Amino acid sequence: MRKDRFEGRVAIVTGGTTGIGAATARRLVEEGARVVVAARRPEPGLALVAELGEDRVRFCKCDVTVQSDVEALIAMTVETFGGLDILVNNAGVTCFGGYTPDLSSQDWHQTIAINLHSIYYACKAAIPHMKCRGGGAIVNTTSISGMSADYGFTAYNAAKGGAINYTKALAIDHAQDNIRVNTVAPGLVDTPMADALEQFHVREPWVANIPMKRGGKPEEIANIIAFLASDEASFMTGSVVVADGGLSATTGQPNLPKLLAELGVAG
Ligand SMILES: NC(=O)c1ccc[n+]([C@@H]2O[C@H](COP(=O)([O-])OP(=O)(O)OC[C@H]3O[C@@H](n4cnc5c(N)ncnc54)[C@H](O)[C@@H]3O)[C@@H](O)[C@H]2O)c1
């Protein structure tokens, strides 16, 4: 960690009051940035402001599916801190809505709105301000679920897949504006979102499939977001950085030596 890596920089983190977003806000502030965290519920946001100090962090109540809320977030940030250099589009929800015939239209639209439309709203409003500063960095939190498919997660797969390709499209469109756009694609990370797995009692078999046999920590994803937002990543744009304990490195085929041993067949 470098105390001054983001000195003088202004950042927004959507979904910045819990999980990966809160870890990212803390990391950016520790390294010198001034940060606006945006989310719907004020309590965790105001707690973060109390923890990190009002001179460094502000909370903005914002539903990222509402374009006028997102425009107000960008305007409030520029007004409060004088500009915008870093935009972390992190707000998201997962959706286990079942197979398509059972997936409600409301779940489909809401999942796409939170994970994908929100990025368009934020980038549309933020990019002109970044251009005024001579450049900027956008980091989108997507998922390995945007790179390949999960059973029964169609809306989330479609939304995160769209967000990954949108990241690449933004990157090439704004390379000449000195605005870099990258995405981190996590696997399982131990945040409130992942708590849903506990509720369905599926965490254990889920983790058993991960080569590293654990979920990630929010701070491990925040490290990557901070790197992508920093000048150290100055030649990276349109990149997808996977952090999943090795899960997507597998083909999905069984662990043959383990299977043969379980079957009592010599390998
Ligand atoms: N936890 C995981 O296993 C995992 C894996 C891959 C990707 N992700 C992605 O990481 C990102 C952060 O999730 P997390 O794991 O920290 O979980 P989280 O639930 O702690 O964070 C999600 C945040 O998004 C906010 N949010 C949701 N809907 C919103 C809306 N309409 N308007 C404003 N804010 C809204 C929530 O308030 C919350 O702060 C998400 O985009 C998620 O899809 C998480």
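## A buried cysteine

Cys-123 has a relative accessible area of 1% and is therefore buried, where buried means under 20% relative accessible area, exposed over 50% and partly exposed in between, with a 1.4 Å probe and protein chains only. This is a predicted model, in which local features need pLDDT of at least 70 and side-chain atom pairs count only at pLDDT 80 or more, while totals for chains, interfaces and linings use all residues. Residues are numbered from 1 along each chain as its sequence is written, and side-chain values use heavy atoms, with hydrogens and water left out.

Leaving aside neighbours within four places in sequence, Cys-123 is in contact (heavy atoms within 4.5 Å) with Leu-87, Asn-89, Pro-128, Ile-138, Tyr-166 and Leu-170.

## The nonpolar cores

A nonpolar core is a set of buried Ala, Val, Leu, Ile, Met, Phe, Trp, Tyr and Cys residues joined through side-chain atoms within 4.5 Å. The largest one has 32 residues, and Ile-12, Leu-73, Leu-87, Cys-123 and Ile-138 touch the most other members. Two or more residues each come from β1 (10-14), β2 (34-39), α3 (67-81), α4 (105-132), α5 (154-173) and β6 (179-186); helices (H or I, at least four residues) and strands (E, at least two) are DSSP runs, numbered from the N terminus. The largest share, eleven residues, is from α4.

Another core, of 27 residues, lies apart from this one and includes Leu-48, Val-88, Leu-228 and Ala-229.

The whole structure has zero disulfides, a disulfide being a pair of cysteine sulfur atoms within 2.5 Å. For Cys-60, the nearest cysteine sulfur is that of Cys-62, 5.7 Å away. Cys-60 counts as buried, at 10% relative accessibility.
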